[in-house]
Amino acid sequence: MKSIFQYILLILKWLLICILVAILAGASSSVFLFTLQWATDFRSDHLWLIFLLPIGGLLIGYLYHYYGNGVSKGNNVILEEYENPYKTIPLKMAPMVYIGTILTHFFGGSAGREGTAVQMSTAIADQFTGVFKLAAQERKIILIIGISGGFASVFGTPLTGAVFALELLYFSRISWKSIIPSFLTAYVAYYTVEFFQITHTHYPKPYIPELHLQIIPWILFVGILCGLSARMFSTGVHFFSVKAKEFVSFPPLRPFFGGLIFAVIIYFTGATQYLGLGIPTILESFTVAQEGDVFLIKIIATAFILGTGFKGGEVTPLFFIGAALGSALSIFVPLPVSLLAAMGFVAVFSGATHTPLACTIMGIELFGIECGIYVGIACFVAYFFSGYLGIYESQVVKGPKHVVYHFLTHRNLKNL
């Protein structure tokens with residue numbers, strides 16, 4: 001009877017933790033999404049704000065240089081703490097990444113939003129480690145539900161959020177006990193955002209042709225290009241980060257000069273579609289074939305902004321890159337432009353995060369189960385062709401990709 005009572009208390013404890021984390025994750029994402037929409041709308045109506053991007057970069061640089069100890073590595077802090085627990089993630093990560101991301105978008109930097117929501121949610125969640133005096137293994141569950149709650153609430157995809165958190169950390173030895181808390185947190189966080197009446201972006205449902213043998217090579221071809229694009233993006237962020245440190249020794253000045261260069265280029269080219277999230281271009285990609293260089297420019301723009309020290313996520317820009325790439329391929333690939341955009345949308349994301357299962361589920365959640373076989377093949381092919389480097393440098397990458405690459409090259413992924 002005593003053990004049964006303790007088991008019931010354990011269930012009630014985790015039920016309470018999951019609900020608290022989920023509500024706080026959903027509430028913080030609601031505030032973030034509302035503010036982000038306001039910042040985006042205001043900037044769109046006042047495009048001259050792009051000239052203040054260097055000042056915004058300087059503010060972000062100083063903020064993280066003087067107050068960002070322990071949180072400046074963003075999502076990698078979460079992954080490192082999961083793999084090698086050291087200390088509770090500072091709560092200051094939440095307001096700092098929130099301010100940094102809003103400033104980036106307000107002045108027109110090309111960035112995303114997923115990283116912000118995940119960092120806010122996980123930083124808040126990790127505070128319960130001390131409150132409930134959790135053991136090291138229990139703390140790993142806290143980090144997982146922090147990721148799932150943040151991802152599910154910011155994109156409105158609860159099933160994807162739950163699976164993404166598990167798949168992202170799978171090869172860092174997740175416990176099966178994490179599965180139910182991850183799903184519970186994701187769904188409660190999602191419905192919390194719904195309660196606050198914050199709307200997510202709704203994407204067009206693609207036309208799905210009948211699948212036959214002649215189409216399979218084209219799906220594989222699209223998946224390969226998406227994987228290579230993901231690899232290009234991840235390599236680009238790393239490249240610009242290294243070069244920024246090489247040419248500018250004082251950290252706060254890196255986003256200042258990065259913002260200055262970016263603003264000057266936008267002024268002379270008028271390429272305002274690459275500012276911020278780029279949602280209008282993503283939506284347009286489902287109906288209009290994009291130019292072949294649109295996805296390449298977005299890769300460079302976002303890699304440069306994030307590499308020089310601005311804040312924000314990478315996922316929405318990856319959606320942009322994938323949708324624009326798929327849309328451009330419709331010129332010669334015999335598949336509907338809407339389907340190609342949907343495939344690219346999730347496949348590039350899959351390659352950059354090494355999470356093909358979560359991205360397949362996202363494709364089904366956003367575009368309908370009818371496209372499942374198309375997005376599934378594209379996501380897994382992109383996963384295999386994206387190489388070792390992803391957007392999260394601290395992510396442990398093992399499993400099928402590691403086995404295949406080692407068999408083909410007799411080298412480890414890191415040595416490719």
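# Contacts, Cores and Helix Packing in a Predicted Model

Apart from its neighbours within four places in sequence, Asn-75 is in contact with Glu-114, Gly-115, Val-118, Gln-119 and Tyr-392. The structure described here is a predicted model. Asn-75 belongs to helix α3, which covers residues 75-83. With a relative accessible area of 10%, Asn-75 is buried, because buried residues are those under 20%.

**Nonpolar cores**

The largest nonpolar core holds 106 residues. Those with the most contacts inside this core are Phe-262, Ile-282, Leu-335, Met-343, Phe-345, Phe-349 and Phe-367. Helix α15, residues 337-353, gives the most to this core, with 11 residues. A second, separate core has 10 residues, among them Ile-17, Cys-18, Ala-125 and Leu-134.

The surroundings of Ile-282 can be given in detail. Leaving aside neighbours within four places in sequence, Ile-282 is in contact with Tyr-203, Leu-277, Thr-316, Phe-319, Phe-320, Ala-323 and Phe-345. Of these partners, Phe-345 is also listed among the residues with the most contacts inside the largest core.

**Helix packing**

Two packed helices are described by the angle between their axes and the distance between the axes. Two pairs are treated here.

The crossing of α10 past α17 is right-handed. On the α10 side, the contact is made by Ile-216, Ile-219, Leu-220, Gly-223, Ile-224, Cys-226, Gly-227 and Leu-228. These residues meet Tyr-374, Ile-377, Ala-378, Val-381, Ala-382 and Phe-385 of α17. By class, the contact of α10 with α17 comprises 12 nonpolar residues, 2 polar residues and no charged residues.

The second pair is α8, residues 158-168, and α9. These helices pack at an angle of about 145°, and their axes are 8 Å apart. Helix α8 also passes α9 in a right-handed crossing. From α8, the residues in the contact are Pro-158, Leu-159, Ala-162, Val-163, Ala-165 and Leu-166. Their counterparts in α9 are Ile-179, Ser-182, Phe-183, Ala-186, Tyr-187 and Tyr-190. The contact of α8 with α9 divides into 11 nonpolar residues, 1 polar residue and no charged residues.

**Positive phi angles in two loops**

Gln-197 is not a glycine, yet has a positive phi of about 60°. Gln-197 lies in the loop between α9, residues 179-195, and α10. A relative accessibility of 68% makes Gln-197 exposed.

His-354 also has a positive phi, near 60°, in a residue other than glycine. The loop that holds His-354 runs between α15 and α16, the latter covering residues 356-367. His-354 is buried, with a relative accessible area of 6%.

| Residue pair | Separation in sequence | Distance in space |
|---|---|---|
| Leu-24 and Thr-192 | 168 residues | 8.6 Å |
| Ile-208 and Cys-371 | 163 residues | 6.3 Å |
| Phe-132 and Gly-278 | 146 residues | 41 Å |

Leu-24 is placed in helix α1, residues 2-45. Leu-24 is partly exposed, with a relative accessible area of 36%. Beyond its neighbours within four places in sequence, Leu-24 is in contact with Ile-124 and Phe-128.

Ile-208 is located in the loop between α9 and α10, and Gln-197 lies in the loop between these helices as well. Ile-208 has a relative accessible area of 24% and is partly exposed. Leaving aside neighbours within four places in sequence, Ile-208 is in contact with Leu-339, Glu-370, Cys-371 and Tyr-374. Among these, Tyr-374 is one of the α17 residues that meet α10.

Phe-132 occupies the loop between α6, residues 128-131, and α7, residues 136-155. Phe-132 counts as partly exposed, at 22% relative accessibility. Apart from neighbours within four places in sequence, Phe-132 is in contact with Lys-13, Leu-16 and Ile-17. Of these, Ile-17 is included in the second core of 10 residues.

Methods: Residues are numbered from 1 along each chain as its sequence is written. This is a predicted model: local features need pLDDT of at least 70, side-chain atom pairs count only at pLDDT 80 or more; totals for chains, interfaces and linings use all residues. Side-chain values use heavy atoms; hydrogens and water are left out. A crossing is left-handed if the near helix is turned anticlockwise from the far one by less than a right angle, and right-handed if clockwise. Helices (H or I, at least four residues) and strands (E, at least two) are DSSP runs, numbered from the N terminus. Contact means heavy atoms within 4.5 Å. Ala, Val, Leu, Ile, Met, Phe, Trp, Tyr, Cys and Pro count as nonpolar, Asp, Glu, Lys and Arg as charged, and the others, Gly among them, as polar. A nonpolar core is a set of buried Ala, Val, Leu, Ile, Met, Phe, Trp, Tyr and Cys residues joined through side-chain atoms within 4.5 Å. Buried means under 20% relative accessible area, exposed over 50%, partly exposed in between (1.4 Å probe, protein chains only). Axes are lines fitted to C-alpha atoms, for helices over the stretch in contact, and angles run from 0 to 180 degrees between N-to-C directions.
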